[in-house]
Amino acid sequence: MRTPIARAAALGATTLMIATGCAAGGEDNSGEGVAPADAALTVVTGVYPLEWLAREIGGEDVAVVQLTEPGTEPHDLELTGRQIAQVSEADIAFYVGGLQPAVDEAVGQEAADAALDVADVVELHPAGEGGGHAEDDRHDHSGDGHDHGDEEHGEDDGHDHGDLDPHFWLDVDLMQEAASALAERMGEVDPDGADRYQEGAERVIGELSGIGEEYEAGLGSCEHREVVVGHTAFSYLTERYDLEQIGVSGVDPDTEPSPAQIAAITDIVRDRDISTIFTEPLMPAATADTIAAETGARVEVLDPLEGVTERSPGDDYPSIMRGNLDALSEALTCD
């Protein structure tokens, strides 16, 4: 655990961030209204699903500082000096290596001893294997019966995620593994709270398991398996439930697809009688609207859970996951 001087600096930074409203995920980001001075430890997180895990497992004993503000694309996060100080003074820096370069750099330089990289505790999927990230993965859509797997029709995604796809949180089994690892680390930092953190993790794992069972039942029998998305952030979900991800662009939501790419997706939607084009809360819907206008498909939201916004189909991880399931079940005409 940090020294008393470092603890005071960390809690002071956390208090300042809460007072100025610069943290994500709620009006009071210290956890259920607990003053930061009462927290047993401080966890800094880089992306919303990790924040959710930290809050649910830590409860009132843990102050959680989320670095990505609501409505901000997490891939493009740039840290302020204050946020870098918060990373430096955190007891645990909980992040996904390769997802947010600014967080990677800050943790590496300021908080290496406090680092808990999800990439070190769960098996991330290789980019391009079921993830639709491979730049050379181009397919013939002539209707020859070829299994296209998760398809990507974008070019260079513009972000360096290394060789791994960081969007693990759409697989509830991997989220369970991350929950266990976080609870264990919390218990190491704060041994007095180890039993509470373990109990919190068990509750979270039970809820995640239940969501997984709902997905298995809800997507087990569907007329369609194709999921057309704006960018290929849904690989873990589509691979887990034997769906086919068809991305208009690559993993980078800011990449503008070319007219040829839009035309190719339009042909697929028309040829396969796909009823729904999915957009995201943090993405403009212009491309999806264009394809829908050409094909008669409708445009709906599928949330990659990179943050909670007014357009999200829920207000926390479980409700958004269930909202995504409802959207998929309707789009794929599932029993």
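Predicted model: local features only at pLDDT ≥ 70, side-chain atom pairs only at ≥ 80, totals over all residues.
Which residues in α6 meet which residues in α10? On the α6 side the residues are Glu207, Leu208, Ile211, Glu214, Tyr215 and Gly218. On the α10 side they are Tyr317, Pro318, Met321, Arg322, Asn324, Leu325, Leu328 and Ser329. Sorted by class, the residues of this contact are 8 nonpolar, 3 polar and 3 charged.

Two packed helices are described by the angle between their axes and the distance between the axes. Helix α6 covers residues 194-218 and helix α10 covers residues 317-331. Their axes lie 10 Å apart, at an angle of about 5 degrees. Angles under 35 degrees count as roughly parallel, so α6 is roughly parallel to α10.

Is aspartate 303 buried or exposed? Its relative accessible area is 1%. Residues under 20% count as buried, so aspartate 303 is buried. Leaving aside neighbours within four places in sequence, aspartate 303 is in contact with Leu170, Phe234, Pro281, Ser312, Pro313, Ile320 and Asn324. Proline 281 is 22 residues from aspartate 303 in sequence, while their C-alpha atoms are 6.4 Å apart in space.

Helix α4, residues 101-110, shows how burial can be arranged along a helix. Its residues Ala102, Val103, Ala106 and Val107 are buried. Seen down the axis of α4, the buried residues fall within an arc of 125 degrees, so they line one face of the helix. The general rule is that an α-helix has 3.6 residues a turn, so residues three or four places apart point the same way. What covers the buried residues of α4 includes α3 (81-89), β3 (92-95) and β4 (115-117). On the face turned away from the buried side, α4 carries the exposed residues Gly108 and Gln109.

These parts belong to a protein with 10 helices and 9 strands. Of its 335 residues, 55% are buried. Its accessible surface comes to about 13700 Å², and 46% of that belongs to carbon and sulfur atoms. How many of the contacts between residues at least 6 apart in sequence join residues at least 24 apart? The share is 66%.

How values were computed: Residues numbered from 1 in each chain as written. Heavy atoms only, no water. Axes fitted to C-alpha atoms, helices over the stretch in contact; angles between N-to-C directions. Helix = DSSP H or I, 4+ residues; strand = E, 2+ residues; numbered from the N terminus. Parallel < 35°, antiparallel > 145°, perpendicular 65-115°, else oblique. Contact = heavy atoms within 4.5 Å. Nonpolar A, V, L, I, M, F, W, Y, C, P; charged D, E, K, R; others polar. Buried < 20%, exposed > 50% of the residue type's maximum accessible area, 1.4 Å probe, protein only. Arc of directions from axis to C-beta. Areas by Shrake-Rupley, 256 points an atom, 1.4 Å probe, with all protein chains shown as cover.
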